[in-house]
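Let me put the model up, and then we'll walk through a few pairs.

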Amino acid sequence: MTAPARPRRLAALLTAIALSAATACSSSGGAVPPAGGGGQEQNLLDRAPVASDADLATSPTAQAIKQRGQILIGSQLDTPLLSQQNPTTGQTEGFDAILGRLLAKYILGRPNVKIVNSTSQIREALLQNNTVDVVLHTYSITPARAEKVSFAGPYFMSGPAIMARKGDSAVTKPQDLKGKRVLAVTNSTGMTLAQQYQPAEMVTLGTNAECVTALEQGRGDVYVNDLTQLAGNAQTNDKVQINTGTFGQDPYGIGIHHGDDTFKQFVNAWLEKIQAAGLWQEAYRQTLGTVIPGDVPAPPKTGSVPGS
């Protein structure tokens with residue numbers, strides 16, 4: 001007897017949904033994007049260091065990644081200048097994305113990366129259950145977080161800033177947040193900081209993109225997040241503007257499994273090598289440096305902040 005068509009169609013639909021979800025949550029970052037400065041990045045990758053057998057022998061985690069042939073990086077795909085998926089090539093572009101490929105090159109000898117979508121709500125769980133090898137995407141180092149995950153770095157020093165709708169300059173300093181409706185990413189440093197200035201309401205959402213949309217729609221007066229993320233928003237969206245420079249420092253770290261001290265030392269050694277070779281500086285120049293005015297900043301010293 002022929003099976004009913006409806007159950008078969010339902011099964012096919014569920015399979016398609018599952019495949020779509022898997023694609024949305026991860027993206028291979030192994031190839032270098034041909035557009036958006038791809039030639040410059042290829043030159044940078046060609047000059048990138050590769051770990052020796054002796055280097056790899058210091059870290060069981062690095063050896064396991066090498067054996068797998070691919071590094072699993074917790075990041076996001078919607079953050080301009082940091083980690084954004086190119087809709088044409090499917091590759092991730094930006095400062096964090098380039099660093100991820102440099103780390104892959106160091107461990108594997110080639111930039112073979114798989115991006116696992118990592119929002120602020122789940123990134124600690126992804127590290128704790130070993131779904132990813134590292135989280136490399138605007139992960140602010142704090143002593144409280146360092147009780148749950150370990151941090152290599154810091155690899156970048158950012159700071160919180162305020163974004164408003166274009167033409168709205170009512171909030172230009174953190175004290176102006178008092179009595180305002182403030183948007184922030186859930187569980188972010190920006191959320192914690194903004195709460196100290198007694199806003200009338202904190203409106204928290206899951207991603208940077210959701211916060212920008214909510215700001216455009218008037219669901220909040222301003223949006224507080226790291227300057228790096230806001231710079232990307234201002235580059236791609238003419239409906240918003242940055243109203244302040246940074247107030248306070250926000251060190252970004254590379255999250256790893258808690259207590260994996262040998263891998264932390266391995267990643268820190270890699271960071272120091274790419275900084276000494278000028279590769280960190282070139283990655284900044286190709287990405288964040290195209291929008292943020294001023295000279296290329298000095299790379300932060302590894303282990304220089306509490307929690308690192």
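So, eight salt bridges in total, where a salt bridge is a side-chain nitrogen of Lys or Arg within 4 Å of a carboxyl oxygen of Asp or Glu. Bear in mind this is a predicted model, so local features need pLDDT of at least 70, side-chain atom pairs count only at pLDDT 80 or more, and totals for chains, interfaces and linings use all residues. Residues are numbered from 1 along each chain as its sequence is written, and side-chain values use heavy atoms, with hydrogens and water left out.

Let's start with Arg68 and Asp133, whose closest N and O atoms sit 2.7 Å apart. Arg68 is in helix 4 (residues 60–68) and Asp133 is in the loop between helix 6 (123–128) and strand 7 (134–140), 65 residues apart. Helices (H or I, at least four residues) and strands (E, at least two) are DSSP runs, numbered from the N terminus. Asp133 is buried at 10% relative accessibility, while Arg68 is partly exposed at 42%. Buried here means under 20% relative accessible area, exposed over 50%, partly exposed in between, with a 1.4 Å probe and protein chains only.

Next up, Lys148 with Glu124, at 3.9 Å, N to O. Lys148 lies in the loop between strand 7 and strand 8 (149–158) and Glu124 in helix 6, so this pair ties together parts that are 24 residues apart in sequence. Glu124 is buried, at 16%; Lys148 is partly exposed, at 46%.

Last one: Glu216 and Lys239, with 3.8 Å between the closest N and O atoms. Glu216 is in helix 8 (residues 208–216), and Lys239 is in the loop between helix 9 (227–236) and strand 13 (240–242). Glu216 comes out partly exposed, at 32%.
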